[in-house]
Amino acid sequence: MKSWAPPQMILVLEFNRWDILRDMLMKLAVLLGIAAGLASATWADAPGVPSDPPYIVLSDNHDEPNGYGFCIDTFGPGQSDFLQTHSCKPARAGEPRGFAGHDTRFEYDVATMQIISYPFEGHCMQVLLARGRTEFALLPCSDHPRQKFVYDAADRSLRLHEDQSLCVTVSEATEPAGPWVKRALRVTACAEAEAALMQWTLVAE
């Protein structure tokens, strides 16, 4: 037997359901507005990287004149023992993996915690003890502790695994690099680094 309720009660129940739904929709709209505001604030200066993935790019474009951003890169054209950041380079269809123009493409291996060159296979980023024109080298991948980096997705930092108070950062100065620009890579205490100089976006292949 079906239960019976007066029409007035049904009407009240329907209004209550509408009130709940309306409140939920209003709260959702507020949350979406906040999220949109955060996204626009966070990504207003995000680079428009022209490279095919994988690549690791500074999250803020800063003053890269093309809007391409600063990618981890080898010194000079092609393979080098030293690393810097450089204007991310446009994709070149049909070129082999080892093509020198792919030298701004690196990938992060979560399992090994290594930053690996895409074109120069078997070579990884390593922190140097000596400080000179750069503090990073591109060396054969190994179990060396200074080839291990932890990516913190919350603050977008790349931290040295053996001392996670130290971050991979870039210098404040932009320098010319032929038709492009570059910035030096640095090791900096995370607590002392400016956020825009230590935040990285990792894009997988």
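Q: How many disulfides does the count come to?

A: This is a predicted model, in which local features need pLDDT of at least 70 and side-chain atom pairs count only at pLDDT 80 or more, while totals for chains, interfaces and linings use all residues. Residues are numbered from 1 along each chain as its sequence is written, and side-chain values use heavy atoms, with hydrogens and water left out. A disulfide is taken to be a pair of cysteine sulfur atoms within 2.5 Å. By this rule the count comes to 3 disulfides.

Q: Which pattern do the disulfides of the protein follow?

A: The sulfur atoms of Cys71 and Cys88 are 2.0 Å apart, a disulfide joins Cys124 to Cys141 with S to S 2.0 Å, and the sulfur atoms of Cys167 and Cys190 are 2.1 Å apart. With bonded cysteines counted along the chain, the pattern is 1-2, 3-4, 5-6.

Q: How many residues apart in sequence are the parts that Cys71 and Cys88 tie together?

A: Strands (E, at least two residues) and helices (H or I, at least four) are DSSP runs numbered from the N terminus. The link of Cys71 and Cys88 is right-handed, with 100° about the S-S bond. Cys71 lies in strand S2 (residues 70–74) and Cys88 in the loop between strand S3 (83–87) and strand S4 (106–109), so the pair ties together parts whose separation in sequence is 17 residues.

Q: What is the handedness of the disulfide of Cys167 and Cys190?

A: Both Cys167 and Cys190 are buried. The torsion about their S-S bond is about 105°, so the disulfide is right-handed.

Q: Over how many bridges do S10 and S13 pair?

A: Two strands pair if DSSP finds at least two bridges between them. Strand S9 (residues 157–160) pairs with S10 in the antiparallel sense over 2 bridges, and a hairpin joins S9 to S10 through 2 residues. S10 also pairs with S13 in the antiparallel sense, with Leu166 standing opposite Ala189 in S13. For S10 and S13 the number of bridges is 5.

Q: What percentage of the residues of the protein count as buried?

A: The secondary structure of the protein comes to 1 helix and 14 strands. The protein has 205 residues, and the part of them that counts as buried is 38%.

Q: Is His86 buried or exposed?

A: His86 lies in strand S3. Contact here means heavy atoms within 4.5 Å, and leaving aside neighbours within four places in sequence, His86 is in contact with residues including Cys71, Thr104 and Trp180. At 6% relative accessibility, His86 counts as buried.

Q: How many Å apart in space are Leu202 and Ala153, C-alpha to C-alpha?

A: Leu202 is found in strand S14 and is partly exposed, with a relative accessible area of 25%. Leaving aside neighbours within four places in sequence, Leu202 is in contact with Tyr55, Ile56, Tyr108 and Tyr151. Leu202 and Ala153 are 49 residues apart in sequence, and their C-alpha to C-alpha distance in space is 9.5 Å.

Q: How much space lies in the largest cavity?

A: On a 1 Å grid over the protein atoms alone, a cavity is a set of points where a 1.4 Å probe fits but cannot get out, and lining residues have an atom within 4 Å of a point. Grid points are joined across faces, edges and corners, and a volume is the space filled by probe spheres set on the points. A search of the whole structure finds 1 cavity of 30 Å³ or more. The space in the largest cavity is about 50 Å³.

Q: How many residues in the lining of the largest cavity are charged?

A: Among the lining residues are Asp52, Lys89, Pro90, Gly101 and His102. Ala, Val, Leu, Ile, Met, Phe, Trp, Tyr, Cys and Pro count as nonpolar, Asp, Glu, Lys and Arg as charged, and the others, Gly among them, as polar. The lining divides into 2 nonpolar and 4 polar residues, and the number of charged ones is 4.

How values were computed
On a 1 Å grid over the protein atoms alone, a cavity is a set of points where a 1.4 Å probe fits but cannot get out, and a pocket is an open set with protein on both sides within 12 Å along at least five of seven lines; lining residues have an atom within 4 Å of a point. Buried means under 20% relative accessible area, exposed over 50%, partly exposed in between (1.4 Å probe, protein chains only).
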